[in-house]
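Please look through the model below with its open spaces and its ligand in mind. The briefing that follows takes the pockets and then the ligand shell.

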Amino acid sequence: MISVRDLTVNYETPGETITVLDGLNLEIADGQAIAVVGPSGSGKTTLLNVLGAMLPATSGEVIIGGKDIACLKEKEAARFRNQELGFIFQQHHLLPQLTVLENVLVPRLAGGWKEEEKITRERAKELLERVGLGHRLTHLPSALSGGEKQRVAVARALINEPILILADEPTGALDGETGTKVADLLLEVQQEKGVTLMVVTHDLDLAARVSGEGDMIRLT
Ligand SMILES: Nc1ncnc2c1ncn2[C@@H]1O[C@H](COP(=O)(O)OP(=O)(O)O)[C@@H](O)[C@H]1O
Ligand SMILES: [Mg+2]
């Protein structure tokens, strides 16, 4: 269960305090997929950054995996990000000099993965097979299409067996058909792994598919 209580986020700018989230409350069940919608500037990315322990809250609580991550110290925040989270961004953020397989392994580098290196590589290969890229392991990102890069990003988000995947406009840089396929894949693996998924999008079709019968998070 993810539980957000009275979450407020202010940005301090010279001469002005901007309140972006103002007393937000949310409850998200484990294994649920939920869309976050709202106009540009409404705080969608800000919310994801707080849930991902990349931005401290100004006030309020964010309980994930039984722990309040609203205001962690940097070291604990880094540990939380490395062990509990998967991220997918609008731009794939693959490292251009690393192969597809190495890119999927990047989140493991921080975790001291030496002893289990072989198991981890096998797992990365399985994930890449799962997203339909088992035949592209040694290729560089530059050799892939946009949709394929985003499928690598899906595999990378799963390598640490996260409890939560945060996706910020994951299909925003893809054409409609490719975006639909990537979104379907993301939802399939989310169901298979039973992981909680939060997807920011302003594509209302995608938002409806992500949230299914459930609610969306609507920011204003
Ligand atoms: N680091 C920052 N400093 C000041 N204002 C910011 C900062 N980051 C975002 N904002 C402002 O906060 C608001 C919400 O931004 P954001 O969360 O990126 O919205 P969204 O993702 O919904 O478009 C915007 O008005 C934006 O300009
Ligand atoms: Mg945004």
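The second largest pocket has a volume of about 210 Å³, where a volume is the space filled by probe spheres set on grid points that are joined across faces, edges and corners. A pocket here is an open set of points on a 1 Å grid over the protein atoms alone, where a 1.4 Å probe fits and protein lies on both sides within 12 Å along at least five of seven lines, and its lining residues have an atom within 4 Å of a point. This is a predicted model, in which local features need pLDDT of at least 70 and side-chain atom pairs count only at pLDDT 80 or more, while totals for chains, interfaces and linings use all residues. Residues are numbered from 1 along each chain as its sequence is written, chains are lettered from A and ligands numbered from 1 in the order in which they are written, and side-chain values use heavy atoms, with hydrogens and water left out.

**Second largest pocket**
- Its lining consists of 15 residues, and Thr 171, Gly 176, Gly 179, Asp 203 and Leu 206 are those nearest the centre.
- Two helices, α6 (176-193) and α7 (204-211), each give two or more residues to this lining, helices being DSSP runs of H or I with at least four residues and strands runs of E with at least two, numbered from the N terminus.
- The largest share comes from α6, with four residues.
- The lining has three nonpolar, seven polar and five charged residues, if Ala, Val, Leu, Ile, Met, Phe, Trp, Tyr, Cys and Pro count as nonpolar, Asp, Glu, Lys and Arg as charged, and the others, Gly among them, as polar.

**Largest pocket**
- The largest pocket has a volume of about 380 Å³, and among its 16 lining residues Phe 87, Phe 89, Val 106, Pro 107 and Arg 156 lie nearest its centre.
- Elements α2 (74-84), β6 (85-88), α3 (100-109) and α5 (146-158) each contribute two or more residues to that lining.
- By class, this lining has 10 nonpolar, four polar and two charged residues.

**Shell around ligand 1**
- The residues around ligand 1, each with a heavy atom within 4 Å of it, include Tyr 11, Pro 39, Lys 44 and Thr 46.
- At least two shell residues come from each of β1 (2-13), β2 (16-28) and α1 (44-51), and α1 gives the most, with three.
- The shell has four nonpolar, seven polar and one charged residues.

- A backbone N or O atom of Gly 41 lies 2.8 Å from an oxygen atom of ligand 1, and for Gly 43 the corresponding distance is 3.0 Å.

Definitions and conventions:
A polar contact is a pair of N or O atoms within 3.5 Å; within protein, one must be able to donate a hydrogen and the other to accept it, and residues adjacent in sequence count only if both atoms are side-chain atoms.
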